[in-house]
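Look at the sequence and the model below. The report starts with a loop, then turns to a helix and to a database record.

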Amino acid sequence: MISLTDTQKIGMGLTGFGVFFLFFGMILFFDKALLAIGNVLFVAGLAFVIGLERTFRFFFQKHKMKATGFFLGGVFVVLVGWPLIGMIFEIYGFFLLFRGFFPVVVGFIRRVPVLGSLLNLPGIRSFVDKVGESNNMV
């Protein structure tokens, strides 16, 4: 069992609520208030989970500046009031930022009993194999 500090537990809650508000905001036809709340909670939760210094080091690495620009630019565009365009920027930036984690996530999901069998379906398997192997999604 992984032990978490109280700050990390708060961060997990904030990140979870952030993902919930982002998902709910997209379901409700890109409601800008819900998306803005989700963005703020997600970024704040990430900072609580991994720490402020590591968050800055993660986002502002030299080779991740393009991805950070798209992600944080998308957050800003959502806050300004153009939720659809902002979410497109955010999703693109998110995939660029976290593309190194996709092989790990795919490997983990393949070991989960029900989800692993879903990932082995013919149409899904080829896509998942590309995401799981490749670090160059650009």
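## Two residues in a loop

Phe30 counts as partly exposed because its relative accessibility is 27%; buried means under 20% relative accessible area, exposed over 50%, and partly exposed in between (1.4 Å probe, protein chains only). Phe30 is found in the loop between H1 and H2. Helices (H or I, at least four residues) are DSSP runs, numbered from the N terminus. Phe30 has a positive phi of about 55 degrees, although it is not a glycine. Most residues other than glycine have a negative phi.

Phe29 also lies in the loop between H1 and H2. Phe29 is not a glycine either, and has a positive phi of about 55 degrees. With 75% relative accessibility, Phe29 counts as exposed.

This is a predicted model: local features need pLDDT of at least 70, side-chain atom pairs count only at pLDDT 80 or more, and totals for chains, interfaces and linings use all residues. Residues are numbered from 1 along each chain as its sequence is written, and side-chain values use heavy atoms, leaving out hydrogens and water.

## Helix H5

Helix H5 covers residues 83-97, which is 15 residues. From first C-alpha to last it reaches 20 Å, close to the 21 Å expected, where the expected span is 1.5 Å times one less than the number of residues.

The buried residues of H5 include Pro83, Met87 and Leu97. The buried residues of H5 pack against helices H1 (6-27), H2 (32-50), H3 (52-59) and H4 (65-80), with contact meaning heavy atoms within 4.5 Å.
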